[in-house]
Amino acid sequence: MNSTVQMNKTKKWLQLVMAASLLVSFFLPWVMWDDSKVSGYALATGDFFKISERKLDLSNPFPNISFTFLIFWLIPVLAAVIIFLTATDRKKGLLPSIAGVLSLSLITIYVSFTDFALSTNVLKLMTLAAWLQTAAAIGLIFFTSDGNFLKKIGWIIIGPVFAFGSFKIIEKYIMGETHQDTNKSKADYTLKATDLIGEFSSNDTAANTRYREKIIIVDGVVSQVEVQYDSTVNLKFIDTTKYFINFSIDKTEFEKTKNIKPGDLIFVKGSCSGSSYSMILDSTSIDFKRSTLHKQ
Amino acid sequence: MKKTILAFVLFFAVSVLYAQKKTTTSATVAFDATTPKDALPKAENKTVIGFVDIKTGDVAFEAAVKNFSFSNPKVQEHFNNASWMNSDQFPKFTFIGKIEKVNKIKFTKDGTYDAKVKGMLTVKGVSKPFKAEGLVTVLAGKINVVANFNIKLADYAISGQSIEAGKVSREPKVTVTAQF
């Protein structure tokens, strides 16, 4: 009887210590990126990606779903609730398991992201607080949650597995992303070559702001054709101003472009890179990339 | 700065008046900064402006930074942003130099000739002396130029975590091709 009471007392203190450790370490730095400390709450507040953009050249790939990271505020909230319930000898149900899963998921995200960004020994960059959070999360699940040993192991594993798997899927998606085929892309603007040149020559800054990185269909009379040895064809639209438009059509379209000659009226579609002054030509080129002949 | 631009403009304007001076607006500059950890940092610009004076050996190239095309949109965005090439502030890569011993290249006779070029390469506002070797091929009145070389990013004050993490090569391979 005495040993059972003693064991319950010990268990209660362990639960309180684990929950308190989880709560406190959440607000401490977990990882070092260069000279920047990234705390456990940084992902929930949005600071995580602000620091990563500044220090690691990595911004949030999906800013529209940043609100989902607010769920990690449940870690300190649940830890506080568990402390209260433990101190008042009340049942805690699934709360310790949920807090532990969220905590281990968050740690996994930090480790995975740091490894992706820095490709170095991540464990050296993790702080004592990160290790404390990990130990507290595992301890909370083991000493506080209900269920048998296998069930508790399941709770410990599920968070990191889900977080790591999701991270890898997102990483693969981002690294595998390519530009949409220009032929299939919806044009942002359709303009005559003379009008496009007119806009740039009258207000270069405004035109760059408006057209840079936009898909534009340009129609006009070809002024010059340059055929390269690798079958790439460059088409130019030149007028009386010191501006000209320069499209480079890939060699895969050589069969369509090889017969184009100066004086032909054509439609070309591409991604506008904006204007750039050339000292060699004393002219300004309006360059396009990923260009293709456009069927009207 | 205005005097420098004026000097260049006069130099090239006078040059182009003569047939010995040739220009192109379809030269290609490709760079490959891939590593075993990342196959994405490579790009190509096919609207590079080139100039050559076959008499004096003067040569020049200008490549608009924003017209380098990457396969991955995110990498393209990073390449142009302020912490990398900062293309808003430094819109061009330029090279101005001279072909050494240009009289050894017979520009009017079909053939392939080794060439060495020396000059100043400017990347992200930093100008450094630069030399490279290439091949000049003359065929049916056209002059084709190919040069392959490496550049050290650190020489042009280009650094970042991606380089430190081994995801971007410290010395990307560059290939320049032009047909005059």
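Contact here means heavy atoms within 4.5 Å. By that criterion, and not counting residues up to four places away in sequence, Ser276(A) touches Ser283(A), Thr284(A) and Ser285(A) as well as Ala64(B) and Lys92(B). This is a predicted model, in which local features need pLDDT of at least 70 and side-chain atom pairs count only at pLDDT 80 or more, while totals for chains, interfaces and linings use all residues. Residues are numbered from 1 along each chain as its sequence is written, chains are lettered from A and ligands numbered from 1 in the order in which they are written, and side-chain values use heavy atoms, with hydrogens and water left out.

**Ser276(A)**
- Ser276(A) lies in strand S8 of chain A, residues 265–278, where helices (H or I, at least four residues) and strands (E, at least two) are DSSP runs numbered from the N terminus.
- Ser276(A) counts as buried because its relative accessibility is 11%, the classes being buried under 20% relative accessible area, exposed over 50% and partly exposed in between (1.4 Å probe, protein chains only).

**Interface between chains A and B**
- Chain A and chain B each bring 43 residues to the contact.
- About 3600 Å² is buried between chain A and chain B, 52% of it on carbon and sulfur atoms, buried area being the accessible area (1.4 Å probe) that two parts lose on being put together, summed over both.
- Asp57(A), Met279(A) and Ile280(A) supply 23% of the area that chain A buries against chain B, more than any other three residues.
- There are two salt bridges between chain A and chain B, each defined as a side-chain nitrogen of Lys or Arg within 4 Å of a carboxyl oxygen of Asp or Glu.
- Asp230(A) forms a salt bridge with Lys46(B), and the closest N and O atoms are 3.3 Å apart.

**Strand S8 of chain B**
- Strand S8 of chain B, residues 173–179, is mostly covered, with five of its seven residues buried.
- Strand S1 of chain B, residues 21–32, pairs with S8(B) in the antiparallel sense over five bridges, two strands being paired if DSSP finds at least two bridges between them.
- Within S8(B), Thr177(B) stands opposite Thr28(B).
- Strand S7 of chain B, residues 142–150, also pairs with S8(B) in the antiparallel sense, over seven bridges.
- Gln179(B) in S8(B) is the bridge partner of Asn144(B).
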